[in-house]
Amino acid sequence: MTTTAPHLLGGFAPVTTELSATELPVSGTIPPELTGWYLRNGPNPRTGVSAHWFVGDGMVHGVRLEQGRAVAYRNRWVRTRTFTGDAQRDNGTGRGDLAVGQANTHVVRHAGRTFALVESSLPYELDMRAGHELDTVGAYDFGGRLHSAMTAHPKICPITGELHFFGYGAAERPYLTYHRADANGNLVCTRPIEVAAPTMMHDFHLTAGHLVFMDLPVVFDRSRIEAGTAGMPYGWRPEYGARLGVLDRAHPEAPVRWFEIEPCYVFHGLNAYEDPSGQVLILQVMRYDHLGDGVGIDVPASLWSWTIDLNTGTVRERRLDDRPGEFPRIDDRLAGLPARYGHVTSTVASAWTGESAGLGALHRYDLQSGDKTSYVFPGGRNPSEASFAPADDRPGGPGWLLSYVYDPATDRSDLVVLDAQDLAAGPVAEIHLPQRVPAGFHGNWLPDDPALVFGAAPSDAA
């Protein structure tokens, strides 16, 4: 008897139709200052089948808001070379076709370009011209200068406008490479970083003066591919150890300083910043005690803090909350700076087991006082990652949380808008979409007003 994997059922099941709809119905009132696109990416296998939730053709879902109206909804597969079937054997680097990938994890904007990202390949540029929104332009290699994959979690410095990112791989050394693009999108820095083995490095950290890489014990295991073992080709290897690598932004050619921590895994950081001396770095992360082989998850993540003291060479590890959650986000205009508030998602259903994993909720942490407020969605409704949309040009000021929320009773999804400063009050608007948005990964609010992308001084820094 064939059993469908949990990550292909219910709210995780892929949709088969690309739609364009206008003038969407709305319950409540959309804040009139929200004018732009909300985009979110996720795996949506065209065949309807995939071996793991992380594997599947990327599909971006977007909603256009304009001055209190829900003007349009569009969803489009990212036409990668994997999707179209025209992958090349070699791209001239000897490392295979870097455009082979599914672009299914994130969607970000930098220097006027919008990219769909997955950590195993080059970014794919999306067209955002009116009438062409979310059409695929093609793989992007920064004018031929990028010769590695690109993380799905690049960081934009709100002070300089630079895009910091890395690529990792398993085929050959270097297993890790750091890159920086300037505010105009020109790739200006590339340097390899030596690590002992090819580990799965999903995210990293940016502060005002440093970058921090996580070399954690989820290690590439070729035997899983050769044996045809289910899941991702990575194994949990606590004997490998776990460490944080600190690189000075002002001297990217300098040696990386490594600091050992307890074995664990982190998919996503909430934020990172440094004290005024620049010698103490604070990282806030969603930490797993361990992962299963094949990147199986049998324990939930919770919010932790790592404090790196560059003077003493020590790391202090501290759990901030024992409640489960994932997909942490801040006001991205404070990336790398002290941010007082962070937001985390809890979901009803586990993609891995199909069993109950708690209530579907969004949480807002006051990282200064330790307080937390929450909104629990009724009726088993299941939120996805909540992106922050600013209400004005004050970083850390008022704003809204945007999340696609799945309703199992109707098998449909809404784009839900909540007041970030009054989360417990519940949605201020629910935009009813013409179809379900499958459970997915990451996205962003892309405002039309450039003043809402990078503002002036933070208003609520911790």
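Reader: Which residue is the bridge partner of Val285 in β22?

Author: Trp304 is the bridge partner of Val285. This is a predicted model: local features need pLDDT of at least 70, side-chain atom pairs count only at pLDDT 80 or more, and totals for chains, interfaces and linings use all residues. Residues are numbered from 1 along each chain as its sequence is written, and side-chain values use heavy atoms, without hydrogens and water.

Reader: How many bridges pair β21 with β22?

Author: Strands are DSSP runs of E, at least two residues, numbered from the N terminus. Two strands pair if DSSP finds at least two bridges between them. β21 and β22 (residues 302-309) have eight, in the antiparallel sense. Strand β20 (residues 265-274) also runs antiparallel to β21, joined by eight bridges. Tyr265 is opposite Tyr288 there.

Reader: Which residues point each way from β21?

Author: In a regular strand the side chains alternate between the two faces of the sheet. Val280, Ile282, Gln284, Met286 and Tyr288 point one way from β21; Leu281, Leu283, Val285 and Arg287 point the other way. All are buried, meaning under 20% relative accessible area (1.4 Å probe, protein chains only).

Reader: Why is the pair of Phe115 and Phe142 tilted?

Author: A pair of aromatic rings is described by the distance of the centres and the angle of the planes. Rings of Phe, Tyr and Trp (its six-membered ring) pair if their centres lie within 6.5 Å; planes under 30 degrees apart are stacked, over 60 edge-to-face, the rest tilted. The structure holds 18 aromatic pairs. Phe115 and Phe142 have centres 6.3 Å apart and planes at 35 degrees, so their pair is tilted.

Note on methods: Buried means under 20% relative accessible area, exposed over 50%, partly exposed in between (1.4 Å probe, protein chains only). Helices (H or I, at least four residues) and strands (E, at least two) are DSSP runs, numbered from the N terminus.
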